[in-house]
Amino acid sequence: MNIMTEKTLEQAVSSQMSAQTNEVIKMRGDKVTVHYGEKQALFDVNLDIRQNQVTALIGPSGCGKSTFLRCLNRMNDTIDSAKVGGKITLDSEDIYDPKIDVVELRARVGMVFQKPNPFPKSIYENVAYGPRIHGLAKNKAEMDRIVESSLQKAAIWNEVKDRLGEPGTGLSGGQQQRLCIARAIAVSPEVILMDEPCSALDPIATAKVEELIDELRQNYTIVIVTHSMQQAARVSQRTAMFHLGYLVEEGATDKMFTNPDDKRTQDYITGRFG
Amino acid sequence: MSSMLVLAIILVIGIVAFVIARQRAASHNDGKVKPHSRAHYHGWWAFLLGVLPAVLFLAVWSIGASVYLNSHLHSQMPADTGVASEPLAVSLTKSLANGLRKLDAQQVAALPATFAELQPLLNAKGVALATDTQDYMIPIAAEANRMTDRLGLMGAIATIALALAGAFYGISQVQPRARARNNVERLMLWGLLGASTIAILTTIGIVLSMLFQTLNFFNRVPPLQFFFGTVWDPRFAAAGAGASEGQFGLIPLLAGTLYIALVALLVAVPIGLMSAVYMAEYAAPKVRAAVKPALELLAGIPTIVYGIFALVTLGPFLRDLSAALAGGTSFIQAQSILTAGLVMGVMLIPVVSSLSDDIITAVPRAMRDGSLGLGATRSETIKRVILPAALPGIVGAILLTASRAIGETMIVVLAAGVAARLTLNPFEAMTTITVKIVNQLTGDLEFNSPQTLVAFALGITLFALTLVMNIVALYIVRKYREQYE
């Protein structure tokens, strides 16, 4: 593996150190199962999501990684045939508890989708959408501030500050995806879920989004599904490998990519299947 | 020889050509040269070459023959025809010629010279002719029959010869590298083009036929009086009386049309839209599978049935209800704008809901997910994302619905009455353009009077109105389609 350079080794050491000092579990999946109708898509997945870290979910197509991600903010609820079992907690609270309001949950656990999906509204309105629904801004000035800071955090402010009134759909693919990230940030979530956020982007746009993900880690907990092993290695601190609905292995990214415990992980990251 | 027989012969020639050409093409396939087209394309090409030119020729020949015969008959008519007009004399001669066909060969050979003698013979064969058929027409009619036969035979022979020539040419064209497939497909293209042109040509024909009568009408009644007149009182067209006595004001009819359409839309749009939202966003698949077809079934009910419902049930009910509310006198008439609008609105609900449902379902799932993922509720998502995204399409759907409301006739006749009045009170009777068109064109009328011709002016006004609405609707719908790409 040529990604095993000096630099990644250094990163490995430093991230392991930080892992020892800062080990807050933000979300925890406990024996999570998902059925789509008759078909079982996820089998007894136990996975911890650590605060202020990027957790990458990898695995071949159809392995259940996106399904697990969508359980974390209950987006599976929108699919009629989906049934979720087991227990998922956010700050030790069961998110499938009937007392939990799914709308509040999704405000705390935001989501960025595979294909950039800005609303057919202006750039400003796209970002203001979430805060407006949740009543986060008392007046126009406050809303302006939220929009600006969200766009700044999503590293797109300089590109769009002069054309906030133009439709979000008119931006390039990479800009649209960063706009969608800004939109997710605007409701100040604690966790951001990203479902293959770069798969529809070109390499330059991908690099920008990856850079952004690394910065966002300071303030948010991030879970990212990716098809690209290089991306997982570049942006994440923890990696979880899924296969056929099972969690095969989970651990520090550097260890996963250099010395995985499971043969399937080894085969997948060296490109023998997937 | 009858045209049917000729057509059958041509068809047989075509089929034979198809079989031979296909056989020949198949035998060419010896593996040395790769054939350009498959064998059945060669067959079809030979078939088309045999049949198409022959059929076209037969059609042209038949038309030409009848035109020629007509002009021949006109030239044979004496100066004093003995009946009201020359065209009448020609048509009498033609019916006589048709009658003579029923007689057998012997009788035709010895035709009596006078109609008085001929009539019993014809009556015996069950042919009834007008009594003012003149004696001089008998030889002309007999001659015309002989001429028709001669022309028909010539045409049939020429047609069959053409079919044979085409078929032989087609068969001789079969070569391994001949492009039979391209030829057949080009012809197909022309056929499809022709089919799509027919609808357009018919529309143009309809417009033109109305246009000339409309111009005729405007010669008698000034357009200003028609378009801006506020009184509709066409009177009756009495024979010989001064024609343009009535008043032909469009305004009361136009107002009635738009008013009733407005009431109908006020009923249909909110209900239809909400049912579409329910169906597209909330309904479980099972419910949707049951309710959607049921709702669309409503669109298949003939409008006259809705009209009957309005006339015998809803109208009297509203009248009695208003009487009960007002304590004695009813303020809603049995036939009123309200009744017509309500029933028409119910008729239009499935149209609105079906069109809007398609448009709402077409909003990409990514939009919904994006909004729900930000913590929006379903109704917030619908209000703030889906409906705005679908709005242009919905506006288009509403305009399409509106043009249906404007063109509706039967419900209005039965539910709103035929009184052309200008009123703002929805509880009174009013009438629409379509109703008046029917009114002016039914019954015994003199065709060439403004009372009748006004129907064409009304028709063309209505046509223009709905055309503009449809164009605007299509424009908006098309613009909407481009939005997600």
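This is a predicted model: local features need pLDDT of at least 70, side-chain atom pairs count only at pLDDT 80 or more; totals for chains, interfaces and linings use all residues.

1. In UniProt, an unreviewed entry lists residues 254–473 of chain B as "domain: ABC transmembrane type-1".

2. The domain assignment divides chain B into domain 1 (3–178) and domain 2 (233–484). Between the C-alpha centres of domain 1 and domain 2 of chain B the distance is 50 Å.

3. Turning to chain A, six strands form an open sheet with mixed pairing, in the order β6-β7-β8-β3-β9-β10. Because β6 (109–112) and β10 (246–252) of chain A are the edge strands, each with a single partner strand, one side of each has no neighbour in the sheet. From one strand to the next, the twist averages 15°.

4. Within this sheet, β3 (residues 54–58) and β8 (residues 221–225) of chain A run parallel and are joined by four bridges. Opposite A56(A) stands I224(A), a residue of β8(A).

5. Two helices of chain A deserve a comment. Helix α2 (residues 65–72) of chain A lies across β3, β6, β7 (191–195), β8 and β9 (238–243), and its direction makes an angle of about 150° with β8(A). Helix α7 (residues 173–185) of chain A lies across β6 and β7, running at about 170° to β6(A).

Definitions and conventions
Residues are numbered from 1 along each chain as its sequence is written. Chains are lettered from A and ligands numbered from 1 in the order in which they are written. Two strands pair if DSSP finds at least two bridges between them. Axes are lines fitted to C-alpha atoms, for helices over the stretch in contact, and angles run from 0 to 180 degrees between N-to-C directions. Two residues are in contact if their C-beta atoms, placed from the backbone, lie within 7 Å. Domain bounds come from an automatic or database domain assignment. UniProt positions are given in the numbering used here, feature names are shortened, and annotations may be inferred rather than shown by experiment.
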